[in-house]
Amino acid sequence: MTARVGVVTFPGSLDDKDAARAVALAGAEPVSLWHADADLKGVDAVVLPGGFSYGDYLRCGAIARFAPLMSELVPAARSGALPVLGICNGFQILCESHLLPGALTRNASLRFVNRDQVLRVENAGTAWTGDYTEGREILVVLKSGEGSYVADEATLDELEATGRVVVRYVGGNPNGSRRDIAGITNEHGNVVGLMPHPEHAVEALTGPSTEGLGFFTSILSHMAAGSPVNA
Amino acid sequence: MSEVPGLDTVAVAHENPDTPQPYAELGMAKDEYERVREILGRRPTSAELAIYSVMWSEHCSYKSSKVHLRQFGEKAPENDALLVGMGENAGVVDVGDGRAVTFKIESHNHPSYVEPHQGAATGVGGIVRDILTMGARPVAVMDALRFGPADADDTKRVLPGVVSGISFYGNCLGLPNIGGEIGFGAGYIGNPLVNALCVGVMKHEDIKLAQAPGPGNKVVLFGSTTGPDGIGGASVLASATFDDESHAKRPSVQVGDPFMEKLLIECSLELFEKDMVVGIQDLGAAGVSCATTELAAGGTGGMNIQLDRVPLRDHRLTPEEILMSESQERMMAIVEPSKMEEFLAVCDKWQILATEIGEVTDVTAEEAARGGRLVMTWHGETVVDMPPRTASDEGPVYERPYARPASQDALQADDAAGLARPGTDAELRDQLLRVLGAPGVGDPTWVTQQYDSYVRGDTVVSTPHDAGMIRIADDSHRGVALSTDGNGRFTRLDPYAGTQLAYAEAYRNVAATGARPLAVTNCLNFGSPEDPGVMWQFAESTRGLADACLQLGTPVTGGNVSFYNQTGDVAINPTPVIGVLGVIDDVRSRLRTAFGSEGARVFLLGETRPEFGGSAWADTIHSHLGGLPPRVDLAAEAALGEVLAAAAERGLADAAHDLSDGGLGVALAESAMRGGRGVRVTVDGDVFTALFSESGARAVVAVRPGEEEAFVALAGSHGVPVEQIGVVGGDSLSVTHPGGAVEVPLAELREAYEAALPALMSGV
């Protein structure tokens, strides 16, 4: 039986359909999860998709953090049991939930940026990056207005020292992120937050490449390797 | 007297027939006011006056344009694909597989001048609701923008605001922005154009209409609460020329909440899917006035509304203000009583406020003959009792006088052929780079990278290619392509031909992606209809579009007119923006503009004539506008379109790019830069004409190696002139001609092309 990967829809989620498509193209079964239901439906992993949950009111991700579904998701993710990938607004929600350190702030340009973006994979040991090799450069999509990753120097140093920087921007920093950080993971490697959108680089027809698919196939490999599943 | 102090009820109107009324301040002419009195057999209440003033405004009634717009129906080509024609919120065309597409373009020009960010944002919101109202899921947006000179101070205020507004609203809705255009010109200072297009996809059986059948059915208002924003927007803002006091109109611009609109879209689509509405209308210009009169007129003709039940965000609003408010993100549905509970449950799921404010009523035969009967009460007292059809469908119609301006002859006699041409290869090279970097020709990335083009994952082609293309469903390879084009310079020189050229360019852009053009929408941006010269431009323009659509078999499915784009006596160059929608059976065969294969032979399709009137070259190098625009040859456009579609279908082409602004030189440079590959071209005749002429019905095609013969035969079979002009390769654009040669490295092309907008917007 293939892995079942939940995709959460909050009010204002936009890339939920796209994340579900990427999950399906990777060979897993996408399962739709609703923000208001405190029910993970027994999924093996969860994607928090991009968008403007709750209209980005207050702060991006600040209100989504309190959704009933998150009360189930956060403890499971924090324990290391449940793999969670947060993309763009999903990354912001993970930071607001304190599953990941730091915060995402307005782009240095003060403008929304939509562009094809090269990333370098720095950590191929997480639940979501096992199918890549370290140092590999991949072309995906970046589209965000509040994508500048910030944290205090001590936190940044710790992230670097413990290998928790997952991907970094290559070929110019598009948004002012500290140390060119595009994605990070937690200490267990099960929770990954990405500002760029790998789910928009899964079909040659519609994306700049298919090099984003690896995040979604990685979770299947991770499951197959017998790692903890929804403990 | 009324129980509510100061309330102008129908009874009060009867008792005080001679109370002076502010019809003129509401933008109404005296004879229009007299007609209202005649219809009602008494003076209108202030609430009724509010309804008539907004519904009979130029913006809502098309009173100056109607007599000309009729041609789009009268000259409509036979076309089985048209499922819903003009008159509804948007036209609907069949694209095969049981699926249909609805699309429309609409202006939000005046609000975008007053408050660029919110004006443009709510322009997107409004057109998206029009598409949703037809029963379709909105799937993509585009926009056509015009601003004053790029280096003008006010452009630095208006352009970034407009772009951020479109970006903020469209991105937050999760709709990919797949294309559009941007242009600059002196006349647009003070009169920017913001034309937003939306396209939606649905199944045939899902089409919804603005109607209110079935007495006893409930009238439900859902979405945002009603506030004081946008009051008078329709009658005052959109229908009058700006004067020095326009800053005082700031509160008339609506404020958008895209998050609410996103919820409204998802909520409405779920309501449609569960078959819970029998009629639906969005609230745009003229708000509740428009929705109630149009729904009632489209149904039994009868409706009772309790206006005091409308949920307010400012409890002080009067009935008149509620009727005129243009608060955004509101919809009105007609719901059968048995489905009300379930309807409200769906709204609750999406956290959407829904309020029953009235019901559909029966009318007597006599009432029906008068135009139905719409009654509105305010805390139990009747403030409106009128035939709704007289407001929605029977507004005034003007045969505005029009006359070809005397100055037109001198303008056309001032031929661009007399302008100094480059005398040396160095000058030729310099002018090519200047045209390539001209605002309006150069790279629009500063603008377009603020728009999400990827969301929904169905974008197959987008900016900067010739048209946008989306896959219409996950389980299908079918797609639609869209392009909007308009050229104010051509239209100024000859409104009839200029409009046909705009249509031809959009048609060609769609064809250059491999799609077959199917249907047309339009946004007609002009000066004051009270100026006979402007009205002549409008008459010529509509005649040109109707004739062109008839000849090429693409019906006009809907559109929008924006008048009064002028400052004082000076009108903008007439700018009809034409949107063409095409269908492609298999999106995997789509063509893009980038040269993709080293060694591919490059062919020029079509005939090049020395035509420079209104060209980007004349404008950029000489700041000249005069003479005649390029000749229109619609049969040649159709033949070219066939060749491009067939070349895509048969896999003969590696890249294709239509020739328009700037001509062949710009097209080759763009294809080379986008593909990261140079091109070597040889020109036999006059190199200046070859590079800068803007003759229509032309495209460059890079042919897949080995398919050259088949491609030439294909062009020949459609009677399209075809000539091999060069080869893809190297890292420069090189042009060899009988008198010499010009070579520009790709890096230098990029520098010229990419520098213009960022430099102008630096520090903004």
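Author: In chain B, helix 20 (residues 495–511) and helix 21 (residues 532–552) pack with their axes 7 Å apart and at an angle of about 40°, where axes are lines fitted to C-alpha atoms, for helices over the stretch in contact, and angles run from 0 to 180 degrees between N-to-C directions. Helices here are DSSP runs of H or I with at least four residues, strands are runs of E with at least two, and both are numbered from the N terminus. That angle makes helix 20 of chain B oblique to helix 21 of chain B, given that angles under 35 degrees count as roughly parallel, over 145 as roughly antiparallel, 65 to 115 as roughly perpendicular and the rest as oblique. The crossing of these two helices of chain B is right-handed, the near helix being turned clockwise from the far one by less than a right angle.

This is a predicted model, in which local features need pLDDT of at least 70 and side-chain atom pairs count only at pLDDT 80 or more, while totals for chains, interfaces and linings use all residues. Residues are numbered from 1 along each chain as its sequence is written, and chains are lettered from A and ligands numbered from 1 in the order in which they are written.

Helix 20 of chain B contributes residues including B:Pro495, B:Tyr503 and B:Tyr507 to the contact, and among those from helix 21 of chain B are B:Glu540, B:Arg543 and B:Leu552; two residues are in contact if their C-beta atoms, placed from the backbone, lie within 7 Å. By class, the contact between helix 20 and helix 21 of chain B has eight nonpolar, five polar and two charged residues, with Ala, Val, Leu, Ile, Met, Phe, Trp, Tyr, Cys and Pro counted as nonpolar, Asp, Glu, Lys and Arg as charged, and the others, Gly among them, as polar.

Elsewhere in chain B, seven strands form an open sheet of mixed pairing in the order 23-25-22-26-24-27-28, two strands being paired if DSSP finds at least two bridges between them. Strand 23 (653–658) and strand 28 (740–745) of chain B stand at the edges, each with a single partner strand, so one side of each has no neighbour in the sheet. The twist averages 20° from one strand to the next. Strand 27 (residues 732–737) of chain B pairs with strand 28 of chain B in the antiparallel sense over six bridges, and B:Val735 has B:Val742 in strand 28 as its bridge partner. Helix 27 (residues 746–761) of chain B lies across strand 27 and strand 28, running at about 70° to strand 28 of chain B.
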